[in-house]
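My entries follow in the order of looking.

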Amino acid sequence: MDSSSEYLSLEEPRRAVHLWRYTPWKKVHPTGDISDIPDEVGSPRLSLKCIDGDVPEGVRLIHGAGPLEGLPESDATTSSFIRAITEESSWTVEVDRGFSPGKTVILEIEVESPISAAHVCLKIGRHANLELVTHVKGECEWLGLLRTGSTGEGSNTSDVVVNVLNGGTLLRVDAIHIERDSQVKAGTISSGSETTKSDLRYRMGEPGGNLNVLGSILSSEDMSLDHHIEIHHDAPETFSRLDWHSACGGKSKTVGTGMLRVAKGSRGADAAQLFQNLLISETAQADSIPELEVSENEVVGCGHGTASGPVDEDQLFYLGTRGLSTEQAKSMLIAAFLNSTLSEMGSPEMHDWLVEMLTDDLDALGI
Amino acid sequence: MSQPSEAREAVGDYKAGWHDPENSTIRFDFGLSEKVVRDISELKSEPEWMTEMRLKAYRHFTERPMPDWGNTEVLEGIDFDNVCYFLRSSDETGETWEDVPEDIRNTFERLGIPEAEQKWLSGVTAQYESETVYHSIREDLEKQGVVFLDMDSGLKEYEEIVRRYFGTVVPFSDNKFSALNTAVWSGGSFIYVPKGVSVEMPVQAYFRINAKNMGQFERTLIIADEGSSIHYVEGCTAPTYSTDSLHSAVVELIALPGAHIRYTTVQNWSNNVYNLVTKRGVAHEDSKIEWVDGNIGSKLTMKYPAVILKGEGSHAEVISVAYAGAGQHQDAGAKVHHLASNTTSNILSKSISKDGGRGSYRGMAKIMPKAENCRMNIVCDALILDEGSRSDTYPTMEVGNASAHCEHEASVSKVGDEQLFYLMSRGHTEAEALGMIVNGFFEPFTKELPMEYAVELNKLMALEMEGSIG
């Protein structure tokens with residue numbers, strides 16, 4: 001069955017399903033009519049560059065995306081829908097075995113059409129060292145972004161997605177397989193698009209995988225940002241951490257839902273999830289639902305936590321005694337809160353580049 | 001005492017698993033219909049409004065689909081047509097144990113209820129199948145105006161109060177099982193504590209299912225008037241049969257300004273009972289509601305004691321433990337809704353999974369936009385004792401006010417080898433060491449129980465831990 005037929009054969013997802021509890025499919029469908037698969041879907045412009053200098057040998061962008069093995073099971077509705085509209089707009093970022101350029105590679109995705117979609121496949125070779133920033137920018141009403149990928153054995157990857165879209169809706173679906181002994185830092189930075197629905201899934205299907213999922217989310221005005229993160233431990237001796245920081249201002253709403261699933265046989269799994277929400281305006285709302293399913297008893301430990309609160313009064317007072325106004329102190333604390341995960345996503349070089357790019361957004365919010 | 005071998009195999013070594021011969025005075029046929037609902041109401045000579053409410057609830061029950069969340073596979077196993085919805089074992093409620101039919105009295109004696117009553121209780125109600133068979137309250141409390149009745153008598157004697165509060169905390173439309181309970185409820189407790197009266201010793205209700213394929217649908221309503229306090233304790237057991245029984249209760253608590261209600265449950269149903277209960281309290285200004293909830297038995301428990309913090313300065317406390325053994329799924333948790341400012345809540349949940357059992361915590365903590373300066377803290381700990389067992393945590397936190405401080409943490413682990421090694425180096429066997437660790441794990445719950453319950457629970461857990469090493 002092709003993707004279009006598969007999508008059309010599915011029923012509307014139920015609200016009782018964890019993924020769809022807060023942002024229903026109808027709300028993030030490009031036309032709002034869920035029986036519709038739009039014909040006119042634009043293809044964003046994709047290009048590779050480096051922060052400093054030319055794109056090094058050993059990494060390339062190829063048109064088309066092949067199938068990958070070991071991917072986590074994605075939500076049938078979103079993945080079949082995006083696959084159906086990205087048949088002509090799929091790309092592969094191919095990274096050679098042993099690649100180690102020592103600099104950050106940027107994948108720019110620039111959107112121009114009102115409705116756009118792209119499928120990006122990451123194929124990372126064995127023992128490669130890759131630092132990749134996927135920079136999503138431009139203006140559109142709706143962007144669908146499907147990212148599939150497999151990290152090669154023993155590889156070391158920083159995979160950061162930055163969403164600075166000017167308004168509109170972003171539907172992002174990630175399905176990444178963490179190979180044997182590979183280390184992955186998966187970062188999400190979101191301060192763009194009015195509505196975001198993202199479903200990020202990672203499968204640790206081989207022993208020795210090490211995954212660190214990080215989020216720096218800034219919502220303001222009427223934004224509605226809903227991120228769902230699933231981590232599946234399907235092999236022994238796997239390690240995962242999730243640290244998700246959301247700062248919520250204006251009348252915005254952020255949702256962070258997590259699912260940590262430790263399958264039977266995943267002995268020695270060590271997994272933890274932490275969602276933290278900083279409420280910076282009285283009308284903002286933050287919801288967190290970190291779920292845990294553990295079917296193996298020989299685990300190092302599995303846990304999750306969530307905390308929500310306003311800017312700490314003691315910290316404001318402390319900075320006040322150092323001569324900062326309340327507004328300056330508040331801005332500094334919010335920036336520090338977001339930076340605590342941002343700074344863990346990659347090298348100092350990448351961090352400086354990200355901070356410079358995001359400064360305008362923070363300034364616009366008075367942060 | 002008879003115990004079919006197939007049932008013994010199915011449910012293991014369950015202490016309260018005997019059953020008595022069934023000597024019912026009225027027994028309805030299996031299955032649910034509008035006629036069954038009308039007959040129950042007529043049998044109890046209820047006022048018209050209650051019959052109407054039952055019928056509306058019945059219609060809602062038939063229209064409402066089964067929950068599409070939780071352990072839907074096990075839930076689908078409930079055969080509503082193969083349940084007896086009303087069974088009367090005794091024609092009247094006894095005021096002394098001598099008034100209770102001998103076989104039923106023996107049952108409660110074996111469960112230790114009359115003995116406990118003499119020692120440490122302010123009042124007792126004992127429900128056998130659908131109705132209360134024994135009821136008593138200390139004279140001094142009665143003189144102070146404390147009302148402690150079975151729900152059927154409460155409706156007869158205090159109709160106005162019941163009409164004012166019944167279904168206000170848990171409306172029949174809340175969920176499929178609250179609709180079922182409202183349609184066929186029978187028994188349960190009705191308690192009213194007048195202004196400023198503090199009931200020092202706990203009152204207890206004991207629920208026993210004896211018959212096969214029985215449905216028990218008690219309804220409890222507790223109203224604590226301004227500045228009063230009460231501690232209500234309930235215990236539950238059932239015989240071991242190879243067919244399933246259904247327990248679907250609704251409990252409504254109303255804590256008026258400054259009142260304090262503590263509701264303690266030690267549920268030890270046999271492993272053939274579906275335990276699907278809706279428990280909810282409304283806390284007014286400066287009042288406090290505490291749920292202390294222990295779930296040891298049952299096939300599937302779905303129970304999430306809830307508190308609606310409606311009045312400023314009110315507080316909710318939920319302490320729950322669950323033990324999930326072979327063939328069991330304990331899906332328990334807590335819900336707290338902060339509607340008013342300066343409200344606080346604490347949830348502590350602990351579960352143990354063993355022999356392939358599944359323990360789940362499912363919670364909802366919500367802070368409404370207009371509720372300023374609220375605090376909530378949720379802690380869930382789970383132990384998985386062996387291969388094949390499972391533990392899940394499904395918490396939800398919705399924070400709609402920026403001044404709120406909310407925290408949730410959960411952990412799943414096995415019993416630490418270091419802990420076992422330490423205790424064994426002090427001369428304990430491995431099994432003893434495990435038993436001590438498990439009792440220590442449950443200690444935040446047991447220390448909140450009346451002593452007799454705590455001792456019994458510790459013994460019960462030691463029994464469950466037998467054979468878990470090696």
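Entry 1, chain B overall. I took a residue as buried if 20 or more other C-beta atoms lie within 10 Å of its own, with C-beta atoms placed from the backbone. By that count, 56% of the 470 residues in chain B are buried. I keep in mind that this is a predicted model. For secondary structure I noted 14 helices and 24 strands in chain B. I then looked at contacts in chain B with a separation of 6 or more, and 82% of them are between residues 24 or more positions apart.

Entry 2, strands within chain B. I looked up strand E22 of chain B, residues 375–384, and found it mostly covered, with seven of its 10 residues buried. Which strands does E22(B) run parallel to? One is strand E20 of chain B (residues 344–353), joined to E22(B) by 10 bridges. In this pairing, B:Leu348 has B:Val379 of E22(B) as its bridge partner. Another is E24(B), which is joined to E22(B) by nine bridges. There I noted B:Cys406 in E24(B) as the bridge partner of B:Met376.

I counted 31 residues of chain B in contact with 32 residues of chain A. Strand E23 (390–399) and strand E24 (405–413) of chain B are the elements that give two or more residues to this side. Which of them gives the most? It is E23(B), with 10 residues. By residue type, the side of chain B that touches chain A divides into 12 nonpolar, 10 polar and nine charged. A:Ala286 stands opposite B:Val399 in E23(B).

I found B:Glu285 in the loop between strand E14 (273–283) and strand E15 (288–295) of chain B. Is B:Glu285 buried, partly exposed or exposed? B:Glu285 counts as partly exposed because it has 18 C-beta neighbours inside 10 Å, and a buried residue needs 20 or more. Leaving aside neighbours within four places in sequence, I listed the contacts of B:Glu285 as B:Pro257, B:Gly311, B:Glu312, B:Gly313 and B:Ser314. I checked one of these by C-alpha atoms: B:Glu285 and B:Gly313 are 28 residues apart along the chain, and their C-alpha atoms are separated by 5.7 Å.

Terms used: Residues are numbered from 1 along each chain as its sequence is written. Chains are lettered from A and ligands numbered from 1 in the order in which they are written. This is a predicted model: local features need pLDDT of at least 70, side-chain atom pairs count only at pLDDT 80 or more; totals for chains, interfaces and linings use all residues. Helices (H or I, at least four residues) and strands (E, at least two) are DSSP runs, numbered from the N terminus. A residue is buried if 20 or more other C-beta atoms lie within 10 Å of its own, exposed if 12 or fewer, and partly exposed in between; C-beta atoms are placed from the backbone. Two residues are in contact if their C-beta atoms, placed from the backbone, lie within 7 Å. Ala, Val, Leu, Ile, Met, Phe, Trp, Tyr, Cys and Pro count as nonpolar, Asp, Glu, Lys and Arg as charged, and the others, Gly among them, as polar. Two strands pair if DSSP finds at least two bridges between them.
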